[in-house]
Structures are given as C-alpha cells and as structure tokens.
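Here are my notes on this model. They go from the overall layout to single residues.

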Amino acid sequence: MVDKRRVLAEFRHYYEPTLDSQLPITLSNGFVVVAINGACPLCKREIAQYKIKGNVTLPLPNVLSFDANAVCDECKCIFPLYGRIRAKNKTAQIERLENGRWVFYSHNALVDKFKLSLNWLTRFFKD
Ligand SMILES: [Zn+2]
C-alpha cells in the first residue's frame with residue numbers, strides 16, 4: 001500500500017533546498033533567524049540541518065514562513081516541519097497550527113538569542 005503523503009514528502013525532500021541554505025533572514029525588527037531546528041518525533045534526536053529541506057518565505061517583512069520535511073536516518077522516517085516566526089518586540093514568536101488554530105510560543109531571548117528551536121513542533125506528530 002502506497003502512502004501518498006510519504007511519497008510526496010520524499011519527492012519534495014529530494015528536490016527542495018535545505019532551510020539552512022535560505023537563512024539567515026532578518027525580520028523587520030532586526031531579529032535574525034539563523035536556524036530552524038527540528039527533532040525526530042520518534043527518537044527525539046535533533047535533525048541535522050542538511051536533512052531539513054523545504055521553503056522559507058517572507059510573506060511580510062515581520063513574518064517568516066517555513067514549510068519543510070525532515071528526515072531521521074535513525075528511524076527512517078520523514079516528518080513535516082511547518083510554521084511561522086513573527087517579529088515581536090526585540091525578539092520573535094513561533095507560531096504553529098494546533099487543532100486548526102494558530103498557537104503562539106514566545107521565544108526566550110535570554111536562553112538563545114539567535115537560534116530558534118522548534119522541537120515542540122514534533123509533539124504535533126506524536127498524537
Ligand atoms: Zn528518529
């Protein structure tokens with residue numbers, strides 16, 4: 001049985017550039033997004049940047065949107081990584097869809113000023 005979503009994800013992963021290659025991007029408030037990270041929903045390992053491929057767009061000067069697929073070699077799985085990063089004050093907030101609604105997460109600038117960790121995205125795919 002062919003899983004169409006997986007075939008499409010693998011097709012996209014083969015052809016699309018790494019998110020890494022499309023960064024850094026500076027939001028209108030000066031906040032620099034240098035990395036978009038993801039962790040495997042199965043083994044929780046952080047995925048190497050070159051294994052996260054898709055599109056980064058800037059639909060508004062203060063909003064970065066990303067739509068990617070990430071591969072975990074350990075688990076032989078591929079999973080979507082999708083969301084937005086919005087400039088807020090001097091930092092940024094991360095937004096993702098959860099049960100049909102946008103959910104917002106503050107980025108803790110004190111912990112890591114320039115690196116956005118999106119490990120929370122994987123919770124969505126465990127359920
Ligand atoms: Zn894994």
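This is a predicted model: local features need pLDDT of at least 70, side-chain atom pairs count only at pLDDT 80 or more; totals for chains, interfaces and linings use all residues.

In what order do the elements of the protein run from the N terminus on? The order is α-β-β-β-β-β-β-β-α.

1. The protein has seven strands and two helices. Of its 127 residues, 27% count as buried. Take the contacts with a separation of 6 or more: 55% of them join residues 24 or more positions apart.

2. Helix 1. This helix covers residues 4-15, twelve in number. From first C-alpha to last, helix 1 reaches 17 Å.

3. The core. The largest nonpolar core holds 22 residues. Ile52, Phe66 and Ala70 have the most contacts inside this core. Four strands each supply at least two of its residues: strand 3 (52-60), strand 4 (63-72), strand 5 (77-88) and strand 6 (91-98). Which strand gives the most? Strand 4 does, with six residues.

4. Phe66. Set aside the neighbours within four places in sequence. Phe66 is then in contact with Leu19, Ile36, Gly54, Asn55, Val56, Leu81, Tyr82 and Gly83. Phe66 is also one of the residues with the most contacts inside the largest nonpolar core.

5. Strands 3 and 4. How many bridges pair strand 3 with strand 4? There are seven, and the sense is antiparallel. The two strands form a hairpin, with two residues between them. Ile52 has Ala70 in strand 4 as its bridge partner. Both Ile52 and Ala70 were named above among the residues with the most contacts inside the core.

6. Strands 4 and 5. These strands run antiparallel and are joined by ten bridges. Val71 stands opposite Ile78 in strand 5. Strand 4 and strand 5 also form a hairpin, here with four residues between them. Lys76 sits in that turn and has a positive phi of about 55 degrees. I would have a look at Lys76 in the viewer.

7. Lys51. Where is Lys51 found? Lys51 is in the loop between strand 2 (32-33) and strand 3. There are 18 other C-beta atoms within 10 Å of Lys51, so this residue is partly exposed. Neighbours within four places in sequence aside, Lys51 is in contact with Ala70 and Val71. Lys51 and Asp73 are 22 residues apart along the chain, and their C-alpha atoms are separated by 9.0 Å.

8. Ile25. This residue lies in strand 1, residues 25-26. Why does Ile25 count as partly exposed? Ile25 has 16 C-beta neighbours inside 10 Å, and a residue needs 20 or more to be buried but 12 or fewer to be exposed. Beyond four places in sequence, Ile25 is in contact with Val33, Val56, Leu58 and Leu64. Ile25 and Val56 are 31 residues apart in sequence, and their C-alpha atoms are 9.2 Å apart in space. Val56 is also among the contacts of Phe66.

Conventions
Residues are numbered from 1 along each chain as its sequence is written. A nonpolar core is a set of buried Ala, Val, Leu, Ile, Met, Phe, Trp, Tyr and Cys residues joined through C-beta atoms within 7 Å. Two residues are in contact if their C-beta atoms, placed from the backbone, lie within 7 Å. The expected span of a helix is 1.5 Å times one less than its number of residues. Two strands pair if DSSP finds at least two bridges between them.
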